[in-house]
Every structure is written in structure tokens, then in C-alpha cells.
Amino acid sequence: MKKSFLLLPIVGAFAYLTLCSDSSGKSGNLTTSGCGSCHGNSPTSGIQLAFSLDSAGTPVTKYKGGMAYTLKLVATNTTSNSLRCVGYQMTAKMGPGVQAGTFGTLPSGTNTHTSGGLTVLGHTRRISHATGTGAAGTTYMVAVPWTAPAAGSGTVTVNAVLNAVDSNLNDGNSDHWNTGSGTFAEWAAAPSSVSGVANSLAITAFPNPVAATLTLDFGTNATGAYNVAVFNLNGQLVATATTEANTLAMNTSN
């Protein structure tokens, strides 16, 4: 009887830590509601979330329907706590319960489940630090392949929650979490004729004159890859570049 009496509290405590710390992931969708049920009652601005899209190594602010990108979540710890263990969830949607695009091959330590019509991306183990060791200034990054929804889908909203804990095996106010969201607009439809392309282009080049770096601003031009060629006054091709971003910086020092 004594043995049973001593073991029960230990087993109960172990079950509590396993269920509440969720180092192997959490079911449901906490990307907007957060982790307050276990890790303090309120989000903290000390965990800052930022989102970005990457197209073949180039950051972009808009997506083209059906194209492949890398969706990135970067979080920064600006609290005074050492937060060594981190978990997260992330979704991409076009509206409540409307999935936006599809996730590709997931990085190790990540899986997906469905909740409320959305694919929820989350951790299956603690994610590694991108920089730092857990103290203030430490960053955490998740990068996943993502194929954009079909053309005409409109603005995509990405929601995420990141929970950073101090790994003292106690759920409480020394753990910090926060939610965040980002939006990515869709590129405008491409013109259907050569004249339409010419009429739609509005490119700003600066500075003028230029000595070192020329910046081209494509504004809100039509979607697609822009092939840029630079010729000198003798008609010789001196530089080329390709971009899907809104701006392009070219080295003209030579």
C-alpha cells in the first residue's frame, strides 16, 4: 500500500508535465488563441513574430498562383528570460476555414494535422535556435516549402503561435508565448497581349545618374519573372538579372 501511495503522485505529475508541456506537438489550432491554458494567461510582446516568402532565394512580398515558395516564420526573444525550448503552430488561409495553398516536404521535427478545415503545421520536437542559446536576442526560425493557391485566390493570411519555455518542467509565467499574423497579396494578372505588357509597365530607376548601385522599382506591375538587360552606349550587353521581387538592385560600378 505504501508503494502504491508513493507512486501515484509521481505518475500523476509525469502525466501532467507530458500533457501540458507538449514537447511533441499540440492538437487543434492555437495560432490565434495562443497557449494561455498552460503557459501563463496572456501573450507577451517579448516574443516577436515575423513572416516572409522566398522565391528561389529571393524574398518576395507577393505570390503568383500555383508557384512554389518557401514560407518562413522568424521569432525573436526580447524578454529577460532564458527560453531554451520552443514549439509552434502555423497556418495559411484565404478566410476562416479556407486553406491557402499546400505545404511540401516538411523539415525534420515537423508534421501537419487538420483542424477546422485548415492544415496546421506544428512541431514534433523542440525546434533549434537559429541564433543564440535562449537568452534575449535569440532567434528561432521555421522554413517550409509552400505552393501558393490557384490564381485569383486573393490575399493569403498566415497565422502562427510560438511558445518559448525555460525548460524548468513547470508551466507558468516564466514561459512566454505570442501569436502573430502576416499577409501576402497576389500579383495582378498578367496582360494577355504584347501591347498590354508595354502599357502595364511602370518602372522607376534611381539614382540617376548612377555610380555604383542602380535600383529598379517595379511597383505593382504584372506578375512574373522580369529579365533585365543593361547595355552601354555602344550597344554592348554589360549585365543581366532576373527577379520576381518588387525591386532589383544592380551593381553598375564596372
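Trainee: Which residues have the most contacts inside the largest nonpolar core?

Mentor: In this predicted model, the largest nonpolar core has 30 residues. In soluble globular proteins, nonpolar side chains tend to be buried together. Those with the most contacts inside this core are L71, M90, W146 and L162.

Trainee: Which strand supplies the largest share of this core?

Mentor: At least two core residues come from each of strand 1 (47-55), strand 4 (68-77), strand 5 (85-95), strand 11 (139-147) and strand 12 (156-165). The largest share is five residues, and its source is strand 12.

Trainee: What is L71 in contact with, leaving aside its neighbours within four places in sequence?

Mentor: Contact here requires heavy atoms within 4.5 Å. On that basis, the partners of L71 include S52, L53, F103, A143 and F184. Also among them are V142, V144, V158, W146 and M90.

Trainee: Which residue in strand 17 stands opposite N227?

Mentor: Strand 16 (residues 226-231) and strand 17 (residues 237-243) run antiparallel and are joined by six bridges. Across this pairing, the residue of strand 17 opposite N227 is T242.

Trainee: Which residue in the hairpin of strand 16 and strand 17 takes a positive phi near 80°?

Mentor: The hairpin has five residues between the strands. The residue with the positive phi near 80° is G235.

Trainee: What percentage of the residues of the chain count as buried?

Mentor: A residue counts as buried under 20% relative accessible area. Of the 254 residues in the chain, the buried share is 38%.

Definitions and conventions:
Residues are numbered from 1 along each chain as its sequence is written. This is a predicted model: local features need pLDDT of at least 70, side-chain atom pairs count only at pLDDT 80 or more; totals for chains, interfaces and linings use all residues. Side-chain values use heavy atoms; hydrogens and water are left out. A nonpolar core is a set of buried Ala, Val, Leu, Ile, Met, Phe, Trp, Tyr and Cys residues joined through side-chain atoms within 4.5 Å. Buried means under 20% relative accessible area, exposed over 50%, partly exposed in between (1.4 Å probe, protein chains only). Helices (H or I, at least four residues) and strands (E, at least two) are DSSP runs, numbered from the N terminus. Two strands pair if DSSP finds at least two bridges between them.
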